[in-house]
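Me: I have not seen this structure before. Could you walk me through it, one question at a time?

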Amino acid sequence: MEGVFNTTGRTNVPDSYTYTPQNEQEAWIAIMHACVAVDDDVADEELDVMAHTLANRKLFEGHDIMAYSRSVFYAHAQVGSKVLIDNSVDFIAEENRPTLFAHTIQLVLSDCVVTEKEEELIQYLYSALDLDEEKAQEIVRVILVLNKDKQCN
């Protein structure tokens with residue numbers, strides 16, 4: 001799975017560069033961005049769903065989402081999706097992990113295109129979040145049902 005999504009980022013990144021989120025809010029943004037950017041094509045629909053998610057969660061009230069996003073976007077360009085996830089999952093509260101996973105599935109489906117890289121990243125993500133496979137499959141089923149009548153162009 002290592003070669004499926006961007007694991008190295010840029011080749012001219014100093015070996016000393018690391019990424020660590022400041023808090024749980026930035027970790028959410030990092031994981032969500034890692035999922036939509038893994039295929040190197042962040043669609044407007046994905047950005048809209050992500051912005052809506054952040055705007056409607058109490059977790060983000062009073063936080064500078066733009067500052068976190070800038071940090072995350074830079075880090076993704078440097079280290080790629082897998083490193084963003086690996087360095088962010090420990091910041092996610094146990095009780096928020098299923099919700100984050102559900103939002104991530106929603107994000108991936110928002111542009112009506114699920115690439116092979118996105119599928120594999122989702123499989124990687126439920127494991128990285130320490131979600132039970134059965135629970136992860138249930139979440140995916142529910143999100144698919146919620147999106148079954150979605151109009152795609």
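Me: How many helices and how many strands are there in the protein?
Reply: This is a predicted model. From the N terminus on, its elements run α-α-α-α-α-α-α. The count is seven helices and zero strands.

Me: What share of the residues of the protein counts as buried?
Reply: Buried here means under 20% relative accessible area. The protein has 153 residues. The share of them that counts as buried is 46%.

Me: Among contacts between residues at least 6 apart in sequence, what percentage joins residues at least 24 apart?
Reply: A contact needs heavy atoms within 4.5 Å. Take the contacts between residues at least 6 apart in sequence. Those that join residues at least 24 apart make up 86%.

Me: Now helix 3. How far does helix 3 reach from its first C-alpha to its last?
Reply: Helix 3 covers residues 65–79, which is 15 residues. At 1.5 Å a residue, 21 Å is expected. The model comes close to that, with a reach of 20 Å.

Me: Which helices are included in what covers the buried residues of helix 3?
Reply: The buried residues of helix 3 are Tyr68, Ser69, Val72, Ala75, His76, Gln78 and Val79. Residues three or four places apart in an α-helix point the same way, because there are 3.6 residues a turn. The cover over the buried residues of helix 3 includes helix 1 (24–37) and helix 4 (81–88).

Me: Which residue just after helix 3 takes a positive phi?
Reply: Helix 3 spans residues 65–79. Just after it, a phi of about 90° occurs at Gly80.

Me: Which residues does His103 contact, leaving aside its neighbours within four places in sequence?
Reply: His103 lies in helix 5, residues 97–109. Its C-alpha is 8.9 Å from that of Val49, 54 residues apart along the chain. Beyond its sequence neighbours, His103 is in contact with Trp28, Thr53 and Arg57.

Me: Which elements give two or more residues to the lining of the largest pocket?
Reply: The largest pocket holds about 310 Å³ of space. Of its 15 lining residues, Ile105, Glu119, Ile122, Gln123 and Val140 lie nearest the centre. The elements that give two or more are helix 5, helix 6 (116–128) and helix 7 (133–146).

Me: How many residues of that lining are nonpolar?
Reply: The lining of the largest pocket has 15 residues. Two are polar and three are charged. The number of nonpolar residues is 10.

Definitions and conventions:
Residues numbered from 1 in each chain as written. Predicted model: local features only at pLDDT ≥ 70, side-chain atom pairs only at ≥ 80, totals over all residues. Heavy atoms only, no water. Helix = DSSP H or I, 4+ residues; strand = E, 2+ residues; numbered from the N terminus. Expected span 1.5 Å × (residues − 1). Buried < 20%, exposed > 50% of the residue type's maximum accessible area, 1.4 Å probe, protein only. 1 Å grid on protein atoms, 1.4 Å probe; cavity = no way out; pocket = protein on both sides within 12 Å on 5 of 7 lines; lining within 4 Å. Points joined across faces, edges and corners; volume = space filled by probe spheres on them. Nonpolar A, V, L, I, M, F, W, Y, C, P; charged D, E, K, R; others polar.
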